[in-house]
Amino acid sequence: MEWMHWLISVSVVYLLVIVLSCIAHHPPGPFYTIGRFERARCTGKNRLEGICLTRGECDLGEGIHAGPCGHTHSFAQKHAICCNFQMECGETSDFPVSYFFNPEYPSTYDGGGKCTLYSEAYHKEICQLRIDFLSFSLAPPNGDGYCRIDALTITGLAKGTQIPQLCGENSGQHIYIDYDGRQPIILTFQTTDSYVFKRRWQLQLTQIPCRSEERAPTGCLQYYKSSAGTVQSFNYDGAGSAMMNSIGVSGTRHLANLKYKICIKQHLDKCSIAWSQVASDRYSFTMTDDASSVDPTLLGTMHVQSQKCRTDYVSIPSPEQSGNKLIGDRFCGLGLVPTISFSKPFGLVVVTDGDEISDMGNRGFYLTYTQRQCPV
Ligand SMILES: [Ca+2]
């Protein structure tokens, strides 16, 4: 029976080699479990969000120790720290919340080239990624609304979804993107160093579980959860663009070839939503026509509301103005009359086309919304 013992010993050693090599290739890190769901979120001393982890776990994920985790009862949590994850070009983030800053942060970046971040869902129960542009300043689009100098391009999207290429000034904006269940979402900043510009981006990436209240409804690129607030087009500013468009007149600030939805979460006891221009800014609705040479006091009165809006417009479903139902749902021109919609879910659709040849000096839109009480 000697050979039998020998055979068993060899088999055991062989199995051990296989098991050890598997562990070496897939280290059992602290994060790759459902347990990560149960980790408390925290805000660090640096005001960035993180996860409560032990020092060892934080180090293993190359995180930043951002102070104590706050008041918790369990022994393990008492010794936990708030751990931030700050990603660099070329890295993959599979953390519930992480940050992606420009190279040379906290300085600005004047260089060129590509900087890519991969966002991988950390668990199969993760459906969506929310990106908050805490800060976003890239070279502006050209006068026709194309991001030709700098751009943030997002790929790895679920089939049928489209995310516009972004550039210019977008601090304070956010977007939601669905994971497709197989591949990571890929964020690529492409910049041109021959264009002198102090670039800056600070993005917060938050992974959202499929069954979370935080998840944006399907098809909403932006999702606002307050009962009142403001929305604006990408690269909006009341000051005009310094760029010329393709026919050599003042270009636009808003981006070309957009088609996306801004959604508003309906609050309890709210039955309708009111939309209007931000009153302090005359240019807060300049979607089509000549906003450059017109007398600025006339802005706001030159509104167009009809299905004749075919180039750049916003669409508000089943709109009413001064108690009257409107026939069309599209709004363009140089002004928006206060408009109410009872249609649910609350929101608006943004559409722009591929050129600005019949427009001058458009900014886009900057609107306030207010959810309104149901009649008693
Ligand atoms: Ca246009």
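Analyst: In this predicted model, four strands form an open sheet in the order β1-β2-β4-β3, and their pairing is antiparallel. Strands are DSSP runs of E with at least two residues, helices are runs of H or I with at least four residues, and both are numbered from the N terminus; two strands count as paired if DSSP finds at least two bridges between them. The edges of the sheet are β1 (41-43) and β3 (64-68), each of which pairs on one side only. From one strand to the next the twist averages 45 degrees, where the axes are lines fitted to C-alpha atoms (for helices over the stretch in contact) and the angles run from 0 to 180 degrees between N-to-C directions.

Residue numbers start from 1 along each chain, following the sequence as it is written. Because the model is predicted, local features need a pLDDT of at least 70 and side-chain atom pairs count only at pLDDT 80 or more, whereas totals for chains, interfaces and linings use all residues.

Of the contacts between residues at least 6 apart in sequence, 74% join residues at least 24 apart, a contact meaning that the two C-beta atoms, placed from the backbone, lie within 7 Å. The average pLDDT, which is the predictor's confidence in each residue from 0 to 100, is 90 for the chain, and 88% of the residues score at least 70. Over residues 13-37, however, the pLDDT is below 50, and in the model this stretch has 12 contacts beyond near neighbours in sequence.

Another strand, β23 (residues 330-334), is largely enclosed by the rest of the structure because 5 of its 5 residues are buried. In a regular strand the side chains alternate between the two faces of the sheet. In β23 both faces are covered, with Arg 330, Cys 332 and Leu 334 buried on one side and Phe 331 and Gly 333 buried on the other. Strand β19 (residues 302-305) runs antiparallel to β23 and is joined to it by 4 bridges, with Met 302 bridged to Leu 334. Strand β20 (residues 313-315) is also antiparallel to β23, joined by 2 bridges, and here Val 314 has Phe 331 as its partner.

Strand β17 (residues 270-277) likewise has two antiparallel pairings to describe: 7 bridges link β17 with β26 (residues 364-373), where Ser 276 is partnered by Thr 368, and 3 bridges join β17 to β24 (residues 339-341), where Ala 274 is partnered by Ile 340.

Ala 158 lies in the loop between β10 (151-155) and β11 (174-178), and Ala 158 counts as partly exposed because 16 other C-beta atoms lie within 10 Å. Leaving aside residues up to four places away in sequence, Ala 158 touches Asp 178 and Asp 180.

Conventions. A residue is buried if 20 or more other C-beta atoms lie within 10 Å of its own, exposed if 12 or fewer, and partly exposed in between; C-beta atoms are placed from the backbone.
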